[in-house]
Amino acid sequence: ILLQLVAAAMAKQSIMRTMTIRKTARSAARSPINQPSKNDKYVVTKNTTRVVVLKVPHSGSTWFAALLNRFPRSYVKEESITKTRSNNVNPSAIREHVATSLVRPTDKMVTSRNGKHAFSPRAKNFDCGGCELALLGLTMCPMRSEPPYDFPQGVTAAIFHQTIKFKTIFWARTNVVKMSFASNGSKNRTKAFVKEKPSCHTFARTVGYKIAQLRSLDALYEQRRKVDPALVLKVRYESMQLDEAATLATVARFLGVDAPRRFLKSSTAVGEKRASDDLRDVVENYDEIRKWLAPKGVLASPCLLKMLEVRGPQVFEPCPAPALVERTVTSLTPAKTCPGPAGRRA
């Protein structure tokens, strides 16, 4: 009996120690980590370049982040902020997340069911063998997903109001028509892309959404360029397609990182994670959309028509939106965008 009592007491002590250790670990996990610890398998120093990549949705930023991470001793978190909607972004949470991400590799920022923001303070399984990081940063798109499709009040100030100096890359895709279909990720059983067939209203709303966000991003670039042109760089998706090595070399010089020639070319095909550059392969009602954008169409626009018809990559200047597309930038009821027979047939 005595032996059983002793064994039970020892088992209870062991359980209590385990519970204490777990409680301490959970408490430590909740505590903010502001600086790299001595146990981290990388070193962040004053020589580490910090970068924030601001971009619009479906602009090919996943590919760009992968290219940045091919630079030696680099960690750039792709899609660092993930939200189903950006209308209720908390600027103070954005500021904290950016600040932490510029100090150490971090995971994504997410939104909980009650609307509060949280993020993991440590990047999972990141180890560069104790190296000194040359590049540390994140890509993010904290823009509204509803009209007027720009940055919510206080968000840009939160991003740029940091004590750590960093550089900003403004990444965008200039062909807003192709970008409207870039989210097509549905595939059938043969793994072929399922063609889209948008109505006139849906197409006008989506193009207006892309034009407005690109406009807001370019406006922010101009503002930051006036503050310090040495800290900002505009990079276009189509430029990377046309000459990947030269564009990456420009990015490397801007960031001040070493980029051996073997790192200036992606290891996988550019088109591996996106649809065809020829919209005839992506859109089922291509001819109908072409009629909408033609000179006498309900969405007449020579600029957008050229974007629709071009088959390869091409950098476009900002395109003025047709009146019926422009109204979708501020209207919450885009279902009335396309009047007349063309709208009814859609």
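**Exercise 1. How many aromatic pairs does a search of the whole structure find?**

Keep in mind that this is a predicted model. Searching the whole structure turns up 10 aromatic pairs. Let's work through two of them.

**Exercise 2. Work out how the rings of W171 and Y237 are arranged, and where they sit.**

Step 1: start with the geometry. The ring centres of W171 and Y237 are 6.2 Å apart, with the planes at 90 degrees. Planes over 60 degrees apart count as edge-to-face, so that's the label this pair gets.

Step 2: place the residues. W171 belongs to strand β8 (residues 167-172), while Y237 belongs to helix α7.

Step 3: check the burial. W171 and Y237 are both buried.

Step 4: W171 and Y237 are part of one aromatic cluster with W63 and F64.

**Exercise 3. Is the pair of F181 and F203 stacked or edge-to-face?**

Step 1: the centre-to-centre figure for F181 and F203 is 6.2 Å, and the angle between the planes is 25 degrees. Under 30 degrees counts as stacked, and stacked is what this pair is.

Step 2: find them in the chain. F181 is in the loop between α5 (176-180) and α6 (200-227), and F203 is in helix α6 itself, so the pair ties together parts that are 22 residues apart in sequence.

Step 3: now the accessibility. Buried means under 20% relative accessible area. F181 comes in at 3%, so it counts as buried. F203, at 2%, counts as buried too.

**Exercise 4. Find which charged side chains lie over the faces of F254 and F160.**

Step 1: go to F254. K167 lies over its face, 5.2 Å from the ring centre.

Step 2: go to F160. Over this ring's face you'll find R224, at 3.8 Å from the ring centre.

**Exercise 5. Describe the second largest cavity and its lining.**

Step 1: count the cavities. The whole structure has 2 cavities of 30 Å³ or more.

Step 2: get the volume. The second largest cavity holds about 50 Å³ of space.

Step 3: list some of the lining. Among the lining residues are R173, K178, Y237, E238, Q241 and F316.

Step 4: see which element gives the largest share. That's helix α7 (residues 237-242), with 3 residues.

Step 5: sort by type. The lining splits into 4 nonpolar, 4 polar and 4 charged residues.

Key: Residues are numbered from 1 along each chain as its sequence is written. This is a predicted model: local features need pLDDT of at least 70, side-chain atom pairs count only at pLDDT 80 or more; totals for chains, interfaces and linings use all residues. Side-chain values use heavy atoms; hydrogens and water are left out. On a 1 Å grid over the protein atoms alone, a cavity is a set of points where a 1.4 Å probe fits but cannot get out, and a pocket is an open set with protein on both sides within 12 Å along at least five of seven lines; lining residues have an atom within 4 Å of a point. Grid points are joined across faces, edges and corners, and a volume is the space filled by probe spheres set on the points. Helices (H or I, at least four residues) and strands (E, at least two) are DSSP runs, numbered from the N terminus. Ala, Val, Leu, Ile, Met, Phe, Trp, Tyr, Cys and Pro count as nonpolar, Asp, Glu, Lys and Arg as charged, and the others, Gly among them, as polar. Rings of Phe, Tyr and Trp (its six-membered ring) pair if their centres lie within 6.5 Å; planes under 30 degrees apart count as stacked, over 60 as edge-to-face and the rest as tilted. Buried means under 20% relative accessible area, exposed over 50%, partly exposed in between (1.4 Å probe, protein chains only). A charge sits over a ring if NZ of Lys or CZ of Arg is within 6 Å of the ring centre and within 35 degrees of the ring normal.
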